[in-house]
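Student: I would like to go through a structure with you, step by step. Could we look at the fold, the strands and the backbone?

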Amino acid sequence: MTTVESNSTTTIPDEVARQIVLPEGHSDDVRLFEAYRWLRENQPLGQARVEGYDPIWLVTKYADLMEVERQPQIFSAGGGENKGANNPILANQAGDEFTKQLVGGSLRILDALPYLDQPEHSAVKDVAFDWFRPANLKKWEDRIRETAKASIDRLLAGGPDLDAVHEFAVFFPLHVIMSLFGVPEEDEPRMMALTQDFFGVADPDAQRDDIEALSPDAAAQQWAATIADFYAYFDVLVENRRAEPRDDLATLIAVAKDENGEYFPKTFAYGWFVAIATAGHDTTASTLAGCLQQFAAHPEVLDRVKGDLDLIPDLVNESLRIVSPVKHFTRLALQDYEMRGQQIKAGDRLMLLFQSGNRDAEVFDDPDAFNIDRRPNKHIAFGYGPHMCIGQHLAKLELKVMLQELLPHLERVEVSGAPKMIQTNFVGGLRRLPVHLTFS
C-alpha cells in the first residue's frame with residue numbers, strides 16, 4: 001500500500017479508510033494488514049469517512065480495544081437505553097435503513113448476545129454460560145475426537161483432488177457444533193448453505209438468487225433473508241424441544257425461562273441458535289484453514305509440532321492470533337470520552353479492529369511472524385470484556401483435538417492455487433485457500 005499523508009488529526013486518509021471499511025478491501029490480506037499497520041503507526045485512533053457509511057472511529061491499538069471493551073456502560077453494543085440504536089456489525093447507510101424499516105425503526109435484527117447490553121446481556125448469556133465452561137465441555141471430548149477421526153478418514157479416502165479446506169476444515173467444526181447442538185446430520189448441508197449466505201453477504205460468489213446484487217442494501221437484504229430462513233428452521237426445533245426435551249444444547253436454550261418463570265420469547269432462542277449455527281463453526285473453520293496455510297509457509301513448524309504434540313495448545317493460540325477470524329464489532333459512545341487525545345462525542349460510533357490489535361508491536365514482538373513460542377500470547381481473537389466469545393473454550397478444544405488426530409498423518413502442506421478470499425469485514429476470509437495435503 002502506498003504511504004499516504006494525513007492532513008487531519010481526526011479524519012483517516014480515504015485510501016486507508018476504504019481498505020478497512022469496505023468489504024471488498026478484505027479480499028486482499030496484504031493491503032489490509034498494511035492499512036492496519038499504517039494506522040497503528042500514524043493514526044491509531046481516527047475517523048473513517050467513507051461515502052455511503054456513517055463516520056466511524058477506527059480503533060486499531062490493543063490497549064484501546066481493551067479500554068473500550070472493559071467499559072460497556074460507555075461504549076454500547078446495542079444502543080444502551082435506546083435498544084437497537086447501534087448495529088454491532090458495520091453496514092452501509094442503505095443497509096441500516098433497510099433494517100430499520102424491517103424491524104420497526106430498530107437496528108436489532110437479532111435478539112442475540114452481540115446486540116445486547118446489560119442487564120439483558122447477562123440474563124441471556126447465563127442461559128448457556130455453564131454449558132460452555134471447560135469442565136462441562138470435557139465430557140464431550142470423546143465425541144469430538146470420534147468426529148475428528150471420521151473426518152480424517154474421509155479426507156484420507158478422498159484422494160489428492162479433495163479440497164482440503166472447503167471439504168474438510170469447514171465441515172469438521174460444523175459437524176461438531178451441530179451434533180452437540182442437536183441438529184440432525186442430514187440437515188447439516190442446509191446449515192452450511194445458510195451460514196455461507198449469512199457471512200457471504202458482500203461476496204459475489206455467495207449471494208442469494210433472490211437478492212438483487214447491485215442494490216445498495218443488498219447485503220442487508222441477504223442478511224435479513226437468511227435470518228428469516230434460520231428462524232423458519234429453528235422455530236420447529238424450539239417447539240420440538242419444548243414438547244420433547246433431550247440432553248442437548250438446543251433443549252437447554254429452548255426451555256430457558258426468565259426471572260418470572262416464563263419461557264424467553266422465541267426470538268431469544270433463535271438468536272442463540274443463529275449464533276451457534278454460524279459463528280459456532282465458521283470462526284473455528286477459518287482458524288483451522290489459517291493453521292494449514294501457516295504449515296504451508298512454515299514446514300519446520302509442522303515438523304516440530306508433529307514431533308511434540310504437547311505444543312498443540314501453543315499452535316492453536318498462535319493460529320487464533322494470526323488469523324483473528326472475528327475482524328470487528330462496532331460500539332456506540334453513550335457519553336463524551338477522550339482517548340489518545342481525541343474527543344469522542346456521545347453518539348459517535350467506533351469500529352473495534354481485533355485483527356489489528358492482534359498485530360500490535362507494543363504487545364507482540366515481531367507481530368507479523370507466526371511464532372508458536374510466544375510467551376505470553378494474550379491475543380484478543382475472542383474479544384474482551386463482557387462480550388468475549390462464550391464459545392472460546394469449545395473452539396480451542398475442537399482445534400486441539402483435530403490437530404492431535406491429524407498431525408500424525410500429515411507429512412506436508414502446499415498451497416495449490418491462488419487464494420480466494422471472502423469479501424467480509426466481519427468474520428472469516430480464509431475458507432477458500434486451496435491447499436494440498438500429503439499424508440505419510
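What follows is a short exchange on this predicted model.

Student: How many helices and strands are in the protein?
Tutor: The chain has 440 residues. Its secondary structure holds both kinds of element: 17 helices and nine strands.

Student: What share of the residues counts as buried?
Tutor: The cut-off matters here: buried means under 20% relative accessible area. Of the 440 residues, the share that passes is 57%.

Student: How many of the six residues of strand β4 are buried?
Tutor: Strand β4 covers residues 328–333. In a regular strand the side chains alternate between the two faces of the sheet. One side of β4 carries His328, Thr330 and Leu332, and the other carries Phe329, Arg331 and Ala333; all are buried. So β4 is largely enclosed by the rest of the structure, with a buried count of six of the six.

Student: Which residue is the bridge partner of Leu332 in β7?
Tutor: Strand β7 spans residues 349–353 and runs antiparallel to β4, with five bridges joining them. In β7, Leu332 is bridged to Arg349.

Student: In β4, which residue is the bridge partner of Ser76?
Tutor: Strand β3, residues 75–76, pairs with β4 over two bridges. The sense is antiparallel. For Ser76, the partner in β4 is Leu332.

Student: Where does Pro119 lie?
Tutor: Pro119 is joined to Gln118 by a cis peptide bond, with omega about 0°. Pro119 sits in the loop between α4 (93–102) and α5 (120–125).

Student: What is omega for the cis peptide bond that joins Arg375 and Pro376?
Tutor: Pro376 lies in the loop between α16 (354–357) and α17 (392–406). For its cis bond to Arg375, omega is about -10°.

Student: Is Ser324 buried or exposed?
Tutor: Ser324 lies in the loop between α15 (312–323) and β4. Its phi is near 45°, a positive value in a residue other than glycine. Relative accessibility is 2%, so Ser324 counts as buried.

Student: Is Asp366 buried or exposed?
Tutor: Asp366 is found in the loop between α16 and α17. Its phi is near 45°, again positive in a residue other than glycine. The relative accessible area is 56%, so Asp366 is exposed.

Terms used:
Residues numbered from 1 in each chain as written. Predicted model: local features only at pLDDT ≥ 70, side-chain atom pairs only at ≥ 80, totals over all residues. Heavy atoms only, no water. Helix = DSSP H or I, 4+ residues; strand = E, 2+ residues; numbered from the N terminus. Buried < 20%, exposed > 50% of the residue type's maximum accessible area, 1.4 Å probe, protein only. Pairing = 2+ DSSP bridges.
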